[in-house]
Amino acid sequence: MVAVDEGRRHADIRLAGTVYFTAELRAPWGVSVRPEGRAPFYVVARGGFLLEVEGEPGARTLAAGDLALLPRAHAHVIRSGPTVPAVSFGRFVKEHPMDERGFVHCDGGEGPTSTIVGGFFLSQELEATPLLSALPAVVHLRADDRHVASWLEPTLRFIGVEMDSRMHGSRSVLNRLADILFIQAMRVFLSTGEPIHAGWLKGLTDGHVARALALMHEHYAQPWTLPRLAREIGISRTVLAVRFRTLVGASPMAYLTSWRMLQAARLLRESRAGMADIAGKVGYTSEAAFAKAFKRTLERTPGEERRSTPPA
């Protein structure tokens with residue numbers, strides 16, 4: 001679990017694991033990626049490349065030492081130059097398979113060579129997680145920021161050692177390093193003052209909305225209604241409803257339902273408790289109503305969630 005705290009107001013994302021790779025790419029080269037439930041990240045160890053993200057205007061230039069994280073798993077293209085054609089990720093992997101250490105070599109031509117250390121954070125709820133839904137499509141941290149340089153290079157060096165290691169427990173160490181990489185990236189991003197989309201983080205900028213979020217996060221099984229929530233905070237329900245929707249992008253009750261379903265999904269995967277018991281733990285007295293809300297929110301049934309595993 002990666003947590004970002006603001007007093008007692010918090011949200012979390014559970015990283016199910018991380019796939020790492022190191023790619024040595026000689027220009028020209030280009031790859032089109034559709035992450036599908038995985039949040040990719042790229043660190044430029046040497047050289048540079050262009051990053052084009054679906055829905056974003058123009059391409060970003062990544063230079064040596066930069067880190068780019070796509071927290072909401074947008075489709076994107078990485079390439080050595082603006083006119084270089086891109087092949088699908090699946091085709092690229094078939095033509096340039098990784099070795100057992102996760103190393104990939106692509107000799108596209110006679111151009112300069114770039115080295116990328118990257119990977120995919122695996123999560124069960126990328127789009128639904130309040131923290132990630134508040135972030136932009138790309139978090140781009142630059143090497144000339146001393147706050148980035150101070151931790152990124154040592155972390156990558158440690159990751160490289162573990163990727164080469166054949167010692168027992170190296171996978172667990174790599175997963176913990178993924179947590180560190182993710183947390184540090186979020187800390188630096190949040191300190192930059194970059195615009196935050198409507199969502200949980202933006203809601204924290206208003207004291208009353210932040211208090212409402214805290215109550216729902218900490219006591220999500222309580223039988224909350226809009227009037228009860230407003231009374232607890234000390235403002236009118238109309239003011240709360242308008243402020244909450246403006247900042248968070250959803251009504252208080254819709255947000256509460258989403259938060260409850262995220263907790264239910266975690267319980268379904270991590271415990272063997274019965275469906276009725278889990279429904280009760282997240283505030284539902286009716287198993288049928290819980291199942292209906294779960295399906296509507298996460299677009300899968302509780303049973304499918306229980307049987308789910310992180311993507312390979």
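Biologist: Start with Phe 244 and Tyr 255: buried or exposed?

Modeller: Phe 244 is buried, and Tyr 255 is too. Buried here means under 20% relative accessible area, exposed means over 50% and partly exposed is in between, with a 1.4 Å probe and protein chains only. Two ground rules: this is a predicted model, so local features need pLDDT of at least 70 and side-chain atom pairs pLDDT 80 or more, while totals for chains, interfaces and linings use all residues. Residues are numbered from 1 along each chain as its sequence is written, and side-chain values use heavy atoms, without hydrogens or water.

Biologist: How many aromatic pairs are there by your rule, and what makes Phe 244 and Tyr 255 edge-to-face?

Modeller: Nine aromatic pairs. For Phe 244 and Tyr 255, the ring centres are 5.8 Å apart and the planes make 70 degrees. Rings of Phe, Tyr and Trp (its six-membered ring) pair with centres within 6.5 Å, and planes under 30 degrees apart are stacked, over 60 edge-to-face and the rest tilted, so this pair passes on distance and lands in edge-to-face. The partners come from distant parts of the chain: Phe 244 is in helix 8 (residues 237–248) and Tyr 255 in helix 9 (residues 252–270), eleven residues apart. Helices are DSSP runs of H or I with at least four residues, strands are runs of E with at least two, and both are numbered from the N terminus.

Biologist: Which residues do ring pairs link into a cluster?

Modeller: Phe 21, Trp 29, Tyr 42, Phe 49, Phe 89 and Phe 120.

Biologist: What sits over the ring of Trp 224?

Modeller: The charged end of Arg 228, 4.4 Å from the ring centre. The rule wants NZ of Lys or CZ of Arg within 6 Å of the centre and within 35 degrees of the ring normal. Arg 38 also lies over a ring face, that of Phe 120, at 6.0 Å from the centre.

Biologist: What is in the lining of the largest cavity, by class?

Modeller: It has 14 nonpolar residues, one polar and no charged. Nonpolar covers Ala, Val, Leu, Ile, Met, Phe, Trp, Tyr, Cys and Pro; charged covers Asp, Glu, Lys and Arg; the others, Gly among them, are polar. The structure holds two cavities of 30 Å³ or more, and the largest has about 170 Å³ of space. A cavity is a set of points on a 1 Å grid over the protein atoms alone where a 1.4 Å probe fits but cannot get out, and lining residues have an atom within 4 Å of a point. Of the 15 lining residues, Phe 21, Ala 23, Ile 78, Phe 89 and Phe 92 lie nearest the centre. Strand 3 (15–26), strand 4 (30–33), helix 1 (89–95) and strand 12 (113–123) each give two or more residues to that lining.

Biologist: What is the order of the five strands in the open sheet?

Modeller: It runs 7-6-9-4-10, with mixed pairing.

Biologist: How many bridges join strand 6 to strand 7?

Modeller: Four, and the strands run antiparallel. DSSP must find at least two bridges for two strands to pair, so four bridges qualify. Leu 50 has Thr 61 in strand 7 as its bridge partner. Strand 4 and strand 9 (residues 76–79) are antiparallel over four bridges, with Gly 30 opposite Arg 79. Strand 4 and strand 10 run parallel with two bridges, and Ser 32 has Ser 88 as its partner there.

Biologist: Why is Ala 73 called buried, and why does Glu 299 count as exposed?

Modeller: Ala 73 has 17% relative accessibility, so it falls on the buried side. Glu 299 has 68%, so it counts as exposed. Phi is near 60 degrees in Ala 73 and also near 60 degrees in Glu 299. Most residues other than glycine have a negative phi, and most peptide bonds are trans. The peptide bond between Ala 27 and Pro 28 is cis, with omega about 5 degrees.

Biologist: Why is Thr 225 partly exposed?

Modeller: Its relative accessible area is 37%, so it belongs in the in-between class. Asp 145, at 23%, is partly exposed as well.

Terms used. On a 1 Å grid over the protein atoms alone, a cavity is a set of points where a 1.4 Å probe fits but cannot get out, and a pocket is an open set with protein on both sides within 12 Å along at least five of seven lines; lining residues have an atom within 4 Å of a point. Grid points are joined across faces, edges and corners, and a volume is the space filled by probe spheres set on the points.
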